[in-house]
Amino acid sequence: MPTRIGQRLSVAVKDRTVSRAEAEEIVQAARAERKWTPALQGELSTFVMKHGSKMDAQAKAVLEDFISSSRPRADLRDPLALKEHRTDVTWTPVGPDASLFVDGITADDVMQGYIGDCYLAAGVASLAAADPELIKKAIKDNGDGTFTVRFFEGVGEGGRARQVRVTVDDDVAKKPGGEALYLSARDGKEEWPAVLEKAYAKWKGGYERIGNGGFASDLFQTVSGRAADWGEVKDYKPDALWKKIQSTTSRHRPVAAGTFADNDPRANYSGTGVHGDHFYTVLGATEEGGVKYVTLRNPWGMDEPTGNGADDGVFKLPLTDFVKMYENIEFGG
Amino acid sequence: MPFDLAQAIRDAAPGAVVNVPAGAYAANLLIDKPLRLIGMGKVVLDGQKHGSVLRVRTGGVVKLAGLMLVGGRTGLAGGGVALEAGELEMLSCTLRFNEAPAWGGGGLCVRGSAKARVTQCRFEGNLGRQGAGVLVDEAGQAVLRDCLVAQNAAFEGGGVCAKEGAAVELFGCTLADNKVLGDAPRGGAVALGGTMTRAPKVTLSHCIVAERTRGASLVANVEAWPGSLALTHNLFPEWCQALGGDNRFGEPLFVGEGSEPYFLTRESPAVGAAQPQAYGAEDRDVLGRARGQPGDLGAFAFL
C-alpha cells in the first residue's frame with residue numbers, strides 16, 4: 001500500500017517537473033506523518049535521486065535540506081502487550097523536540113498516569129531522588145526514536161540476577177483529550193519516565209499487568225540489581241524507622257511507603273490530604289525544633305496536605321502522623 | 001498464666017517444636033528461624049486486620065500443622081501467610097477470611113525463591129488483588145495436595161495465581177466458587193502470566209475445578225507472555241471443553257449444603273475417576289480420610 005508521502009510524490013512528478021512550492025508541500029506532508037520512519041526517509045531520498053534532474057535547484061535544495069536535517073524514528077509497532085489495556089487511546093511520539101532528559105533527572109519529573117501503578121510511579125520518583133545516575137545508566141537512547149532499558153531479573157531470589165534489555169519506541173498513549181494515559185514527565189518534552197514505564201510494562205506483559213498494584217521494592221531491585229527490603233511500618237519503633245529512613249536516603253538509596261486501604265479501620269484519611277491505598281515517595285527524614293518529620297511526595301505530582309507550599313505533591317508529615325497513616329515501607333538496597 | 005505465642009516463638013531454639021494450646025490468639029508474627037508450630041486442639045491465630053498473620057523469612061524449614069489462620073490483612077502480600085524466604089510445610093491448616101488487597105495472596109503468598117508444600121489445607125473466603133487463595137510470584141514454588149480452595153475473590157486468579165517464573169503444582173484439589181471481579185477479570189480459578197523473559201509453570205492433576213457462575217475464563221493464561229500450563233485428568237465444567245486433553249467435563253455434583261458443601265454425591269463423575277495408582281495407600285483427603293482405590297478427583301474422598 002502506498003504511503004501518504006508516496007502518493008504525494010507521485011503527484012509531484014506527474015507533470016515531469018517539481019517546483020519549489022511542490023517541494024515545500026512535500027516537506028510539510030512529511031512533517032505531518034505520524035512518525036518519520038527510516039523507511040519514509042529512504043523513500044524521499046530515492047525520489048530526489050531519481051527525479052532530481054526534473055527539479056529546479058531551489059526545490060531540490062529544500063528537499064535535500066529536509067532529508068539531511070530530519071531525524072528518522074523507528075516504529076516498533078507496539079506489541080499486543082502494550083495494546084490491550086485501552087483501545088480508545090492514540091499512540092503518538094512525545095514530540096519532535098522531545099528529549100530523553102530535560103534539565104537532569106529529579107523526582108519532580110514524575111507524574112503518575114491513570115492506572116493503578118502508584119507503587120511504580122512512587123518508586124521511579126524515589127530512584128530519581130536518590131540516584132539519578134542509576135536511571136541514566138539504565139536507559140540507552142538508540143538514536144532512532146527507540147530506547148533500550150536494562151533491568152535485572154531474579155534479584156533476591158537466591159541465584160544470580162540476570163540482565164534483561166527491553167527496547168521500546170517513544171510513542172506514548174494519550175486519552176481522547178490529549179492527556180497522557182500512563183506515566184509522563186511534568187515537562188511534556190521529557191521522555192524518560194514514559195520510556196521507563198513502557199519498557200517495564202512490555203517486559204511484564206502490558207500496562208494491565210503492572211496497573212494492578214505492586215511493590216516499589218520490585219522496581220528498586222529490577223532497576224538497581226540490588227536486593228531491597230520491605231516491611232510493615234508497625235514492625236519498627238518510630239525513632240528507629242525515622243533513623244532508617246534518614247540513613248537510607250543519605251546513602252542515596254530509594255525509599256517508598258504505602259498507606260492503608262481506604263476502608264481500613266486503622267486509618268482515616270478524611271481531610272488529611274493523604275490518600276488511602278496509595279504509594280508515596282519518601283524523600284527524607286528531618287528534625288526541626290525537636291520534632292521529627294518525614295518528607296514525602298505524591299506521585300501524582302500534586303495533591304498534598306495543606307500548608308506545604310506550592311502544590312507539587314511534596315509535603316512533610318510529623319513522624320507521629322506518618323506511623324499512623326502509612327502501612328508499609330520499602331527500602332532500596 | 002496464658003500461653004504467650006509470640007514469646008514462645010522468640011524463645012524457641014531453631015528447629016524446636018512449639019505446641020500451641022487450644023485457644024484463640026491475636027497474631028501478627030514474624031518467624032525467622034526453622035520451627036514447627038503445632039496446634040494442640042482447635043487453635044485460631046487471628047491477624048485482627050493488623051497485618052499478615054504469619055510472615056516467614058528464614059533459611060530453613062518452617063512447619064505449621066493444625067492451625068486456623070484468620071483475619072490477616074496486609075498492604076504487602078500474604079494476608080494469612082507471607083512466605084518471603086525459606087521453606088514452608090503446611091499440613092491440615094485452614095486459611096480463612098484473610099486479605100491482601102494491595103497486592104495479592106489473600107491466603108498465602110510465596111515469593112522470592114521460597115518453597116511451600118501445602119497438604120490437606122483449606123483456603124476459604126480470602127481476598128487479594130491477585131491470587132486470592134494463593135499467589136506464587138517471582139521464582140517461588142508451591143505444591144498443593146488434597147486442598148480445598150473455595151470462595152476466594154480477586155481481580156485475577158480467584159483461586160490461584162502464578163506469575164513471573166513461579167512453579168505451582170495442584171494435585172487432588174477442589175477449586176470451587178472462586179471469583180474474579182473488576183474491569184478485566186481473568187482466571188476465576190487459576191491465572192498465570194509470565195514476562196518477556198520467564199514463564200510460570202502450573203500443573204493441575206486430579207483436581208475438580210468448578211464455578212457456579214459461568215465466567216469469561218476459568219483458567220486464564222496471559223496472551224502476551226503465557227505460562228506453561230499442564231492440565232491432566234481433572235474435572236472441569238461443561239463449558240470449558242476447549243481445555244481438551246484427558247480432562248473430564250461436567251457438573252461435579254457436590255452435595256451443595258451442610259458443613260461440607262463440596263462433598264461429592266454418589267453420582268458425581270469425580271467419584272472413582274482417579275487414574276489407577278494415582279493415590280498411594282498413605283494418601284489422605286483434606287479431612288484426613290484414606291483415599292482408597294481407585295480414588296476420586298478433588299479434595300474430598302467419596303465414602
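Reader: Buried means under 20% relative accessible area, exposed over 50%, and partly exposed in between (1.4 Å probe, protein chains only). Where does A:R186 fall, buried, partly exposed or exposed?

Author: A:R186 is partly exposed, because its relative accessibility is 37%. Some ground rules. This is a predicted model, where local features need pLDDT of at least 70, side-chain atom pairs count only at pLDDT 80 or more, and totals for chains, interfaces and linings use all residues. Residues are numbered from 1 along each chain as its sequence is written, chains are lettered from A and ligands numbered from 1 in the order written, and side-chain values use heavy atoms, with hydrogens and water left out.

Reader: What does A:R186 form a salt bridge with?

Author: A:D108. The closest N and O atoms are 3.1 Å apart. A salt bridge here is a side-chain nitrogen of Lys or Arg within 4 Å of a carboxyl oxygen of Asp or Glu.

Reader: How many salt bridges over all chains?

Author: 35, from a search of the whole structure. One of them joins A:R266 and A:D264, at 2.9 Å from N to O. A:D264 is buried, with a relative accessible area of 2%. A:R266 is partly exposed at 22%.

Reader: And chain B? What does B:D285 meet in a salt bridge?

Author: B:R289, at 2.9 Å from N to O. B:D285 is buried, at 0% relative accessibility. B:R289 is partly exposed, at 21%.

Reader: Next, B:L76. What does B:L76 touch?

Author: Residues of both chains. In chain A they are A:F215, A:W230, A:G231, A:E232, A:N328 and A:E330; in chain B they are B:A100, B:W103 and B:G104. That leaves out residues up to four places away in sequence. Contact means heavy atoms within 4.5 Å.

Reader: Is B:L76 buried or exposed? And where is its place in the chain?

Author: B:L76 is buried, because its relative accessibility is 4%. Its place is in the loop between β4 (54-70) and β5 (81-91) of chain B.

Reader: Aromatics now. How many aromatic pairs are there over all chains?

Author: 17. One is A:F151 with A:Y200, edge-to-face, 5.7 Å centre to centre and 70° between the planes. A:F151 lies in strand β4 and A:Y200 in helix α8 (residues 192-204) of chain A, so the pair ties together parts 49 residues apart in sequence. Rings of Phe, Tyr and Trp (its six-membered ring) pair if their centres lie within 6.5 Å; planes under 30 degrees apart count as stacked, over 60 as edge-to-face and the rest as tilted.

Reader: Are A:F151 and A:Y200 buried or exposed?

Author: A:F151 is buried, at 0% relative accessibility. A:Y200 is buried too, at 4%.

Reader: What about A:Y280? Which residues form its aromatic cluster?

Author: A:Y280, A:F315, A:F322 and A:Y326. Both A:Y280 and A:F315 are buried.

Reader: Back to β4 of chain A. What does β4 pair with over 8 bridges?

Author: Strand β4 (residues 146-153) pairs with β5 of chain A in the antiparallel sense. Two strands pair if DSSP finds at least two bridges between them. A:T148 has A:T167 in β5 as its bridge partner.

Reader: What is the strand order in that sheet?

Author: β3-β4-β5, an open sheet of 3 strands in chain A with antiparallel pairing. Its edge strands are β3 (139-141) and β5 (162-169), each pairing on one side only.

Notes:
Helix = DSSP H or I, 4+ residues; strand = E, 2+ residues; numbered from the N terminus.
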